[in-house]
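Please keep the structure open while reading these notes.

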Amino acid sequence: MDITLFTSPKGPQFSHTFFSTNNNGDHIVLDMNNNNNQQPQHSHTSTSRSSADSAGGVVGCAVEPYGDATGNKWASKLLKECARAISDKDSSKIHHLLWMLNELASPYGDCDQKLASYFLQALFCKATESGQRCYKTLTSVAEKSNSFDSARKLILKFQEVSPWTTFGHVASNGAILEALEGETKLHIIDISDTLCTQWPTLLEALATRNDETPHLKLTVVVTASIVRSVMKEIGQRMEKFARLMGVPFEFNVISGLNHIGELTKETLGVKDDEAIAVNCIGAMRRVAIDERESVIQMFHSLGAKIVTIVEEEADFTSSRYDFVKCFEECLRYYTLYFEMLEESFSATSNERLMLERECSRSIVRVLACEEDDDHENYGEKCERRERGRQWSEKFKANFLPSGFSDDVVDDVKALLKRYKAGWALVTLPQQQGGDNNNTNNHHENSGIYLTWKEEPVVWASAWKP
């Protein structure tokens, strides 16, 4: 949703109205005071100008404190100041800063303009208490435009230019294959929204094993309504690929749960003679914060030989009741992500624009929606990321860190060599038993990290009962 500001000729202090684009492309008036939608109108305000041109055209606004005329890092300073104004309920300053951001922001500009555009949307929703409505609209639009082909092309292109997702795939696959080696009946419970792009390489590995090729049952637990619509075609393609590889294969999908803690051995179809692995990529952050401990206990009750967890390295949880701190952490994380996309894709890449637009829902969800907002399915209840050390602290109550073998680490390092410079793997010491006095220290830092320009961005870990 592109938010533009309808400004009075007298300047930003008289501006109280924003335009919000509806599904038909019309502009709906959103009033800062009462939030009531009015009849569609048309705005001629453009946000596509360059940040340098916009900065020079903002009458009566002091631009220098927010960066130089080239737009160098001005977005972070303006956005943080606006977040503080919202926290302080300083309506005059809120209007002024929203107006400035609107003049400078564009989803088609440089990295600062893009960040300003998407965070402006969240700040506006926070200021007007319209986050839930905006989030539902963004989700609805995404669902309507979603298709298997478009989703597949986007994911594969992202994997081609960046290890952001493939890092976790390679690490998790390696840990699963080693933990289930020698077993004849494998059951992988996949709780993620990766459209099964992780599993073809694992099927290939199973097909080339020296011993008898095992039977693989793959149960996919859908954690987002956007993914549900494409799972039928994904299942057909997975079954076809398994036949090609000569791997006996069964594919099941579970969807429509109210929350992930409802899963049981019965609903998952777990059998006594199966060797179980639970693979959880980017799904734990969508579990409600007060339900995370029970979900980990549920994983333990399944009797899995291995549980693999991959999450992005950010903390939107501990600061959730402090809007400014949460905003700053959210901005830090997405700045890294947007800068990574900028260096990975060409400036005119449609895939880059689509990935950036995907972030808009999460940003609005984290910053502008209340925690007790009602949602239709558990996959949209939460977007509260935690850091690896926080997840480790939770998992240590029911599991021990399994660690990653040297072979798996070597596979991950080989993967990173396929991409541009700037990516690295950081390994941490693992405790494999022994002195219990030191166990907690190792649990706290269990796992491996993908770093980009020395900043940790993705955390992967493996756990055993």
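1. The largest nonpolar core of this predicted model holds 105 residues. Phe119, Leu123, Tyr334, Tyr337 and Leu367 touch the most other members. Helix H13 is the top contributor to this core, giving 12 residues. A separate core has 29 residues, including Leu268, Ala304, Ile309 and Trp463.

2. Tyrosine 334 deserves a look. Setting aside neighbours within four places in sequence, its contacts are Leu115, Phe119, Phe316, Cys359, Ser362, Ile363 and Arg385.

3. Helix H13 spans residues 323-344, 22 residues in total. From first C-alpha to last it reaches 31 Å, close to the 32 Å expected at 1.5 Å a residue. Most of H13 is covered, with 16 of its 22 residues buried.

4. Now to the sheet. How many of the seven residues of strand E5 are buried? Six are, so E5 (residues 215-221) is largely enclosed by the rest of the structure. On one pairing, E5 meets strand E4 (residues 185-192) in the parallel sense, over seven bridges. Aspartate 190 stands opposite valine 220 of E5 there. The chain passes from E4 through helix H8 (residues 199-207) to E5, a right-handed β-α-β crossover.

5. E5 also pairs with strand E6 (residues 249-254). These two run parallel and are joined by six bridges. In this pairing, threonine 219 faces asparagine 252 of E6.

6. Helix H8 buries Trp199, Leu202, Leu203 and Leu206. These residues cover an arc of only 100 degrees around the axis, so they lie on the same side of H8. The buried residues of H8 pack against E4, E5 and E6. They also pack against helix H7 (166-179), helix H10 (231-245) and strand E7 (275-281).

7. Lysine 89 is not a glycine, yet its phi is positive, about 55 degrees. Lysine 89 sits in the loop between helix H2 (74-88) and helix H3 (91-104). Is lysine 89 buried or exposed? Its relative accessibility is 70%, so it counts as exposed, the cut-off being over 50%.

8. Glutamate 454 is the other case. Its phi is near 70 degrees, a positive value in a residue other than glycine. Glutamate 454 lies in the loop between strand E11 (448-452) and strand E12 (455-464). With a relative accessible area of 74%, glutamate 454 is exposed.

Notes:
Residues are numbered from 1 along each chain as its sequence is written. This is a predicted model: local features need pLDDT of at least 70, side-chain atom pairs count only at pLDDT 80 or more; totals for chains, interfaces and linings use all residues. Side-chain values use heavy atoms; hydrogens and water are left out. Buried means under 20% relative accessible area, exposed over 50%, partly exposed in between (1.4 Å probe, protein chains only). Helices (H or I, at least four residues) and strands (E, at least two) are DSSP runs, numbered from the N terminus. Two strands pair if DSSP finds at least two bridges between them. A crossover is right-handed if, with the strands pointing away from the viewer, the path from the first strand over the helix to the second runs clockwise. The expected span of a helix is 1.5 Å times one less than its number of residues. A nonpolar core is a set of buried Ala, Val, Leu, Ile, Met, Phe, Trp, Tyr and Cys residues joined through side-chain atoms within 4.5 Å. Contact means heavy atoms within 4.5 Å. The arc is that of the directions from the helix axis to the C-beta atoms.
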